[in-house]
Each structure stands twice: as C-alpha cells, then as structure tokens.
Amino acid sequence: MCWEIEAILPGPSRTITVEPIERPVPAESPDRDREPAREPERERIGDPSEEPVPA
Amino acid sequence: LITEPTRELAAPDLVEPVIGFREWRLRGDRLLSQHTDVAWEGETMAAECLPGRFSVHRGPGLHADPSPAPDCACGLYACFEPYRRWASSVDWTLIAGAAALWGRIQVHRSGMRAQYARPVVLALPPRLPPKRLQAAKGVSERLGLPLVRFEHLAAAAEEHGRKLPRSLLLA
C-alpha cells in the first residue's frame, strides 16, 4: 500500500529547516558505545537497479 | 520577500527534531522502507533522490538541491499523526512507529518529507500472531528501539522530539 506517496503527495508544500542542537540518539541503544559510527544509510525514491548519477 | 536560496542562510525554524509517524516493512529482524526495501538500521538515514520508476519527479533529471526538493517526491516520509487504520493494523508484514526528522523538511498537507531521519519507537498493533510478535521484539531489541502499544506511540515518540507546531503547517 503506497500510503506515503498517496497521502502526502501531490500538493503544495513549504520548506522548513530543522537543526537540532543535539542530534537525536536512541535512549537505550545497547551498542552505541561499542560500535563505530556508520555511514548514513540512503533511502532512494527510484529504481534501486539504477546507478546513481554523479552530481 | 524571502526566496529559497536566502532561506538556507536564515535561522532554522526549529532546533529540536520533529516527530513523524510512519510504517516500515518488517522482514526478519530488519526494518525496510516500503517502496525501496532500504534497511533502516537505527542510524541516521539521509534522503537521496534517484528518479526512477517510483519517482514522480517532475523535472528534467536529478536536481541540484539537496533531497527533499520541493518539486520532487524524494525524501524520508512521515505523517504528522499515527493512524489506527494504517495497513499495519491488518498487514502483519508492516510495523508502525515514529522517527525523529531534521534537516530540510518539505511540509505537505498531511505529512512531511525529510532530509534526515532516525527511527525512535516501534508500535505493536492490537492483535499480532506470536511469530510476528517475536519478529517485532527481535527488531526492537537489535536496534535498541522501544516497542510500545499503539495507543502509547505518540507519547513515547515525543520523548525524542516534538510534533510539528501548527504555525509551520500549511494554511
């Protein structure tokens, strides 16, 4: 069920910026002190088989 | 008149994360995006635009603006409120929850597309077969995310940020 796109798009939108003073960290992540930080995962709206185009 | 490029240099609208509500696909002990099967591993997710078969991008190609762009469909999606009638209440391959959102956010009438997101809480539907309950507990424990009853989702989420203020909603 594509509730996300059907419910949120199309339509007008406004841009806001949110810059947390402290970045959110899960309150009780048991591994946060033991594992090195990972690169952010990427979520793509698009065909996963397509190669990204360099900017 | 404040134009978009100038806005990037302006003070942020908020200085604490915004809470949004969404569903993920639950596969084994992993949380996946519904459309792209990208795994949310409890770390920060960064949106990226990749026009393709799911995109409703209306421009000629990849845009120069960071995702989410106003004129595109890219970004990390979430609704303003949790809904009891979400598919996860009957489709046990899905699980509802909340995410903290920040960065650039496109605010639409019924939800948001964010630049950065991190899952913060997962919610159990009223009825769940034991096998699915085990899967929900598994992903909750592995990612260090609280697992709460659906009716407690909003309250649990607000420990990690705030709902979008009315003043920032579309008129």
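Contact here means heavy atoms within 4.5 Å. This is a predicted model, in which local features need pLDDT of at least 70, side-chain atom pairs count only at pLDDT 80 or more, and totals for chains, interfaces and linings use all residues. Residues are numbered from 1 along each chain as written, chains are lettered from A in the order in which they are written, and side-chain values use heavy atoms, without hydrogens and water.

Select B:L101 to begin. Beyond its neighbours within four places in sequence, B:L101 is in contact with A:V18, B:P17, B:V18, B:G20, B:A78, B:M112, B:A114, B:Y116 and B:A117.

Next, display the largest nonpolar core, which has 32 residues. Such a core is a set of buried Ala, Val, Leu, Ile, Met, Phe, Trp, Tyr and Cys residues joined through side-chain atoms within 4.5 Å; buried means under 20% relative accessible area, exposed over 50%, and partly exposed in between (1.4 Å probe, protein chains only). Those with the most contacts inside the core include B:V18, B:L101 and B:M112.

Now select B:W24 and B:W40, both of which are buried. They form an edge-to-face aromatic pair, 5.4 Å centre to centre with 75° between the planes. Rings of Phe, Tyr and Trp (its six-membered ring) pair if their centres lie within 6.5 Å; planes under 30 degrees apart count as stacked, over 60 as edge-to-face and the rest as tilted.

Finally, move to B:W102 and B:Y116, whose ring centres are 6.0 Å apart with planes at 25°, so this pair is stacked. B:W102 is buried, at 5% relative accessible area, whereas B:Y116 is partly exposed, at 27%.
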